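Let's take a friendly walk through a protein fold, piece by piece. Have the sequence and the 3D view ready.

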Amino acid sequence: MIFQLVRKLHTNPVCRAAESSLLAKLRKKTGYTIANCKKALEMHNNDSEKAEAWLNEQAQAMGWAKATKLAGRKALQGLIAVKFDKGHGTLVELNCETDFVAKNDKFAKMLEDATLACYKLSHKNLNASGPVTKMELDSEQLGNLSAENGKKLSEILALFISSVGENAVLRRAECWKANSKDVKIAAYTHPATAAVSDYSSGKYGALLAYRQSNEMEDIGKQICQHIVGCAPLKIGDKDKDKPASNTDDETCLIFQEYLLDPSYTVGEVMEQNKVEIVDFIRFSCGEVVEANMPGVEKQPLDTVQTLQ
């Protein structure tokens, strides 16, 4: 009799409606399947917080297992993202196996989380010798950074890999900070977005540190466009370097024909606009990375890990 009464209480319309509401809320909040959410609530006596924690633990464990299984597969597709202001900039590459996944909303969110974490790192109170502090991050260093929600990027990446079913790699990043007010930072990605923003992504990207007189119109973005389009290997020195005999083979920035107006060289445009290039770097998605990337002063791994 008592058993029947308890059973009746738990199966009456009010109780069923309450359980259904809990299930719907948990499903909407977590994004996990109805079956998994229902199981989690049953295991934890309809305690939604405990159910959510259990679901996240299970998803993370499955994500790591999936990520480990897929780790050996080539991931050369993806996107490059930039975020910058006048004194800080970051350039991040996230790779995946197919261009289809690179267009996925989850991929865009993963890339944005990583870029924001690097942008935050670029604002830390670090000063290297020279005009710019440049921090070069590899996959391990990137994975150790934390996103806005407090989770490590490596944990978010594992869940992402589990959800899309193909390998993905936080490949590399550059975090720059100008050490003086006269040094400016600019960034650009291609293909370019129509809206003007301090954040963008594309197949190619560049960071630029430069000085320019405030009386002149700022052309930092335009020089970034040229760097992305013409892929110079170094700035160049008029006294030490000589222009290539074939302009198509030119690798010194100052001797290259200016992308936006080939009747001038970049060096001539710099002189006309009172610009001094301090440093630049260009990423091409999936390219072969040199063993020693150029940098003003690279920060060690233990430094990066402690700057949370």
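Predicted model: local features only at pLDDT ≥ 70, side-chain atom pairs only at ≥ 80, totals over all residues.

Residues are numbered from 1 along each chain as its sequence is written, and side-chain values use heavy atoms, with hydrogens and water left out.

**The big picture**

The protein has 11 helices and 8 strands. These are DSSP runs numbered from the N terminus: H or I of at least four residues for helices, E of at least two for strands. Of its 308 residues, 41% count as buried, meaning under 20% relative accessible area with a 1.4 Å probe and protein chains only. The protein exposes about 17,100 Å², and carbon and sulfur atoms supply 53% of that; the areas come from the Shrake-Rupley method with a 1.4 Å probe. Now for contacts, which are heavy atoms within 4.5 Å. Among those in the protein with a separation of 6 or more, 68% link residues 24 or more positions apart.

**The sheet and its helices**

In what order do the 5 strands of the open sheet line up? The order is β3-β4-β2-β1-β6, with antiparallel pairing; two strands pair if DSSP finds at least two bridges between them. At the edges sit β3 (132-137) and β6 (199-202), each pairing on one side only. Neighbouring strands here are turned by 15° against each other on average, direction ignored. Angles like this run from 0 to 180 degrees between N-to-C directions, using lines fitted to C-alpha atoms (for helices, over the stretch in contact).

Helix α6 (residues 105-122) packs on this sheet and touches β1, β2, β3, β4 (168-178) and β6, its direction making about 150° with that of β2. Helix α8 (residues 153-164) packs on the sheet too, touching β2 and β4, and its direction makes about 145° with that of β4.

Look inside α6 and you'll find D113. Is D113 buried or exposed? D113 is buried, because its relative accessible area is 13%. Leaving aside neighbours within four places in sequence, D113 is in contact with A147, L153 and I156.

**Strand partners**

| Strand | Partner | Bridges |
|---|---|---|
| β1 (residues 77-84) | β2 (residues 88-96) | 8 bridges |
| β5 (residues 184-190) | β7 | 7 bridges |
| β7 | β8 (residues 275-284) | 9 bridges |

F84 has G89 in β2 as its bridge partner, and A187 has L207 in β7. R211 stands opposite E276 in β8. Strand β7 (residues 204-212) is mostly covered, with 7 of its 9 residues buried.

Just after α9, A231 takes a positive phi of about 50°.

**Charges over rings**

Finally, which ring does the charged end of R172 sit over? That would be F283, with the charged end 3.7 Å from the ring centre. K83 lies over the face of Y119, at 4.9 Å from the ring centre. A charge sits over a ring if NZ of Lys or CZ of Arg is within 6 Å of the ring centre and within 35 degrees of the ring normal.

Notes:
Buried < 20%, exposed > 50% of the residue type's maximum accessible area, 1.4 Å probe, protein only.
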